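Subject: Structure for you to look at

Hello,

Here is the structure I said I would pass on. Please open it first, then read the notes below it.

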Amino acid sequence: VSFEFEKLKPELAAEWDALVGASPDAWLHSLFAWQQLMARVPEWHFSDQSFAVFENGRMVAVMPLQMTPSGVLMSSVMGPAGPALEAGLADEQRRKILRALFDHVKNLAGRLGAAKVQVAMSALSETSRTAPRGVNPLVHNGFLDCSTHTLIIDLARPESEILSSMAYDARRSSNLARNAGYSVERSTWTEMLETYYRIHSETYTRTGVTPHPKAYFEGIAELAQRGHAVLWVGRNASGQPVAFHNCARF
């Protein structure tokens, strides 16, 4: 089987995202716009190496991929992505495509002088959710499985049932906050971007971590306009924003 590899470019965006939208392997961080965002933050100096795999002129897989200044070839730097294959492939065809895809990644790593290749798959993808015994399927491609566990909560259940399943300390903290007048509401990224970044910077600085560049959140605000990011704001009793939760959505 002969495969062709084409580096990601704007002309591939529509076909790339169509494959991602149907693929059992993909999630938000596989999208074309997310790869653009990783490359557009100048402070990070990430080199985009994302590529698509073609068979007889048809796109059959995509691979989000960035090279970091520290010499790690990652998929993806900010948020799990990994290879995404088109839907409906037979198992043997998937194996052939993945073998060719990772051979290409190894060649790229050699040319770029990468110290290691690191790939993460979203726990929310169909492939991850149906993986036997929770083992990362990429072990079949020579990767060391460093998987942890993800707790997925069904928010369609009644609120009382969700609260009753929480730890006692969590319920107590929630009740104390409510009694003190704190509230939570959904907000818009464009409206709250400046306030969000101020609180983000305060939080990271206080905990000894370098804040992310503002351009990263400006990109997320753009993704929010397409429905891919939901922002929740926590307000104190006076109505002032004091906390945020930035939630990815696919």
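**What was found**

Ala22 lies in helix H1, which covers residues 13-22; helices (H or I, at least four residues) and strands (E, at least two) are DSSP runs, numbered from the N terminus. This is a predicted model, in which local features need pLDDT of at least 70 and side-chain atom pairs count only at pLDDT 80 or more, while totals for chains, interfaces and linings use all residues. Residues are numbered from 1 along each chain as its sequence is written, and side-chain values use heavy atoms, with hydrogens and water left out.

Ala22 counts as partly exposed because its relative accessibility is 48%. The scale is: buried under 20% relative accessible area, exposed over 50%, partly exposed in between (1.4 Å probe, protein chains only). From the C-alpha atom of Ala22 to that of Asn56, 34 residues apart along the chain, the separation is 20 Å.

**Overall**

The protein has eight helices and 11 strands. Of its 250 residues, 43% are buried. Its C-alpha atoms fill a box of roughly 65 × 40 × 30 Å, taken along the principal axes.

**Salt bridges**

The whole structure holds 11 salt bridges, each being a side-chain nitrogen of Lys or Arg within 4 Å of a carboxyl oxygen of Asp or Glu. One of them joins the side chains of Arg94 and Asp25 (3.0 Å, N to O). Arg94 is in helix H3 (residues 91-112) and Asp25 is in the loop between H1 and helix H2 (32-40), so this pair ties together parts that are 69 residues apart in sequence. Both Arg94 and Asp25 are buried.

Another salt bridge links Glu194 and Lys214, with the closest N and O atoms 2.7 Å apart. Glu194 belongs to helix H7 (residues 189-206) and Lys214 to helix H8 (residues 214-224), so the parts tied together are 20 residues apart in sequence. Glu194 counts as exposed, at 53% relative accessibility, whereas Lys214 counts as partly exposed, at 26%.

Which residue forms a salt bridge with Arg198? The partner is Glu202, and the closest N and O atoms are 3.3 Å apart. Arg198 is partly exposed at 42% relative accessibility, and Glu202 is partly exposed at 41%.

**A loop residue**

Leu151 sits in the loop between helix H4 (126-129) and helix H5 (159-164). At 74% relative accessibility, Leu151 counts as exposed.

Regards
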